[in-house]
Number of protein chains: 2
Amino acid sequence: MKRVFNFSAGPAQLPLDVLIRAQEELLSYQNIGMSIMEISHRSIHFKKVIERVEELMRELLQIPDNYKVLFIQGGASLQFSMVPLNLFKENKHASYVHSGSWSKKAIAEASKFGDIHIIASSEEQQFTYFPSFQVHQLNENTNYLHITTNNTIEGTRFTCTEELPKNGIPVVADMSSNILSEELDVSQYGLIYAGAQKNLGIAGLTIVIIREDLVGNTGVDCPTMLNYETYAKAESLYNTPPTFSIYMTMLVLEWLKELGGIPEIAKRNIEKAKIFYDFLDTSSFFSSNVKKADRSLMNIPFTTVSKELNSLFIQIAEQEGFYALKGHRSVGGMRASLYNAMPLDAVLELVAFMKQFEEKYA
Amino acid sequence: MKRVFNFSAGPAQLPLDVLIRAQEELLSYQNIGMSIMEISHRSIHFKKVIERVEELMRELLQIPDNYKVLFIQGGASLQFSMVPLNLFKENKHASYVHSGSWSKKAIAEASKFGDIHIIASSEEQQFTYFPSFQVHQLNENTNYLHITTNNTIEGTRFTCTEELPKNGIPVVADMSSNILSEELDVSQYGLIYAGAQKNLGIAGLTIVIIREDLVGNTGVDCPTMLNYETYAKAESLYNTPPTFSIYMTMLVLEWLKELGGIPEIAKRNIEKAKIFYDFLDTSSFFSSNVKKADRSLMNIPFTTVSKELNSLFIQIAEQEGFYALKGHRSVGGMRASLYNAMPLDAVLELVAFMKQFEEKYA
């Protein structure tokens with residue numbers, strides 16, 4: 001069983017130990033004679049799984065007691081609707097930081113339901129930096145402030161947490177591509193959401209961390225499955241949840257806890273990204289166009305000196321076992337995603353390969 | 001690796017061959033060096049998977065060309081909202097057949113968005129039969145007729161397909177617990193939906209088969225992820241779909257095709273159910289309270305002569321390796337779910353065990 005170096009932006013690489021454990025017990029979960037996929041979401045075995053995932057999330061992220069952890073389907077794209085439908089008050093006004101392709105979709109969706117004010121944008125520079133904003137720019141009647149803390153496609157991240165409002169306006173954060181990758185103070189946010197297919201597990205599950213006072217304020221005509229209260233009241237078992245995806249998240253979180261939790265993975269992620277960016281910055285052949293201070297630790301877009309050499313690089317890289325390095329179609333070039341499951345060795349191997357490529361084609 | 005007899009109503013038993021194949025290639029799908037869980041939904045490998053699932057669905061169910069096959073998340077419960085949001089016309093009027101706990105939820109949800117007329121109900125008899133209805137009862141301005149073709153909890157099914165309207169009113173059918181289990185003429189329906197965790201695969205995926213003219217008629221304020229057009233236009237790849245669940249459905253459909261498709265599985269399902277019902281009808285200890293003509297082939301609720309003996313039966317059955325036989329809390333007693341993946345042998349073993357139990361405790 002040969003495995004390749006997989007730099008996919010998501011669904012992304014999983015820790016090998018996690019896959020092996022899933023494989024080992026695929027036909028009989030904990031020797032019960034049934035697969036975890038084959039048991040009722042109301043069975044004692046599955047209830048222990050979902051409770052364990054919540055417990056691990058709370059422990060790893062030190063989630064305060066006045067927050068709920070919800071397990072939802074539909075991806076971040078469904079959250080783009082659920083956030084306004086649940087958090088809008090009568091005046092239906094929200095503020096968004098526009099930092100990339102995903103915030104664009106979030107803004108377009110929320111605009112269906114109310115007035116959206118873009119308080120900062122980096123669109124005029126193709127989102128190559130994270131736009132700064134200041135709390136005093138916020139309309140005091142705005143219902144929430146939405147930010148995308150890591151921009152998967154453009155390779156930027158939000159770092160200035162001291163800019164977040166402390167005046168009671170809830171901050172909503174799309175953390176799909178950087179949750180669990182770095183230190184996080186949950187209490188600075190009203191709501192955090194993340195699709196699982198990058199750092200949390202596999203596609204089909206979205207985790208929402210929400211402050212309790214923000215639950216239960218939708219209109220009566222909100223679809224039941226779009227109301228956070230449905231999940232909060234039923235402990236995410238109102239209907240059948242994506243049981244196998246939740247199980248995979250349990251394995252990923254246990255793996256993360258085992259290796260030392262957020263402090264350890266944050267250190268490793270900084271180290272991996274530094275090796276990669278240091279190489280890009282010393283190379284005269286490969287480069288990044290993202291503002292240094294705003295560079296993502298998770299997703300690193302880069303290019304060679306020409307489109308032709310980009311294509312050649314992607315092609316030869318794949319032959320050498322470095323997969324999914326093609327950049328997003330809206331940005332072009334290449335992108336290396338270095339999520340939690342990416343081992344340091346793989347980054348070192350990729351950089352070594354890039355050096356060779358540079359020597360040959362520069 | 002000991003496996004038990006698993007009679008779960010869902011998430012339900014999978015064919016052992018399917019689990020074994022998934023296990024074999026869990027670390028490297030088709031020798032690509034990555035798990036199917038770890039690859040982009042836009043990769044060529046995954047695109048082939050989702051296309052193959054659609055192809056197999058079309059082949060097995062002989063779906064006409066003017067129908068779309070959509071892959072959605074959120075379960076049947078989300079369909080309870082999506083159906084009215086997409087199919088309501090200006091007058092917002094729909095007709096529902098009320099045949100059990102799930103139609104109750106579907107009706108409650110649709111009532112948020114328009115006027116719902118219950119054209120037939122078996123609630124006064126605890127849903128122990130499938131309520132008959134006639135087309136002339138339908139308001140000619142009703143936007144659609146909704147039926148639940150198999151009632152998972154109460155153990156009834158809809159058989160009178162000749163009662164379905166032919167006057168252009170679209171029929172919407174929740175087939176979550178009987179899709180692919182018996183012959184079906186898709187052209188009689190405007191829209192069919194089914195959660196995957198019974199006959200189609202695992203939790204986290206809902207398949208919708210919809211006639212093309214019913215797509216694209218929502219209001220502008222419909223959440224993007226609740227609009228069938230989003231899925232139809234993007235071939236269900238607008239955002240990351242539940243990739244592993246879709247893959248598992250491919251394996252299940254290939255298994256079903258291999259064994260002979262719907263004609264063969266329908267024959268087997270009739271045989272399995274007949275063995276079970278024949279035993280119930282000859283036993284003076286075990287019984288079913290469902291009207292004979294309306295009995296489900298998939299879900300068979302039954303009881304002994306007392307609550308105490310029900311509990312004892314469930315307990316001893318589990319010790320003997322017959323799992324998940326406890327009835328739904330709203331009905332009590334026991335329930336055996338005999339989905340496609342349930343082998344005839346398991347039914348014979350269960351009946352033999354029930355005979356022994358009867359001899360000992362009657």
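Let's start with Ser77(B), which is found in helix H3 of chain B. Helices here are DSSP runs of H or I with at least four residues, strands are E runs of at least two, and both are numbered from the N terminus. Ser77(B) is buried, at a relative accessible area of 5%. Buried means under 20% relative accessible area, exposed over 50%, and partly exposed in between, with a 1.4 Å probe and protein chains only. What does Ser77(B) contact, leaving aside its neighbours within four places in sequence? Met225(A), Tyr238(A), Asn239(A) and Trp102(B). Contact means heavy atoms within 4.5 Å.

A word on the source. This is a predicted model, where local features need pLDDT of at least 70, side-chain atom pairs count only at pLDDT 80 or more, and totals for chains, interfaces and linings use all residues. Residues are numbered from 1 along each chain as its sequence is written, chains are lettered from A and ligands numbered from 1 in the order in which they are written, and side-chain values use heavy atoms, with hydrogens and water left out.

Now the interface. On chain B, 62 residues are in contact with 62 residues of chain A. Between them the chains bury about 4,700 Å², with 59% of it on carbon and sulfur atoms. That buried area is the accessible area (1.4 Å probe) lost on putting two parts together, summed over both. Three residues, Leu27(B), Met37(B) and Glu38(B), supply 15% of the area that chain B buries against chain A, more than any other three.

The criterion is a side-chain nitrogen of Lys or Arg within 4 Å of a carboxyl oxygen of Asp or Glu. Arg3(B) bridges to Glu38(A), with the closest N and O atoms 2.6 Å apart. Which elements give two or more residues to the side of chain B that touches chain A? Helices H1 (16-24), H3 (75-87), H4 (101-110) and H6 (243-259) of chain B. H1(B) gives the most, with six residues.

Last, a strand in chain A. From strand E8 (residues 171-174), Val171(A) and Ala173(A) point one way, Val172(A) and Asp174(A) the other, and all are buried. Strand E5 (residues 145-148) of chain A runs parallel to E8(A), joined by four bridges. Pairing requires at least two DSSP bridges. Thr148(A) stands opposite Asp174(A). E8(A) also pairs with strand E9 (residues 191-195) of chain A, in the parallel sense, over three bridges. There, Val172(A) stands opposite Leu191(A).
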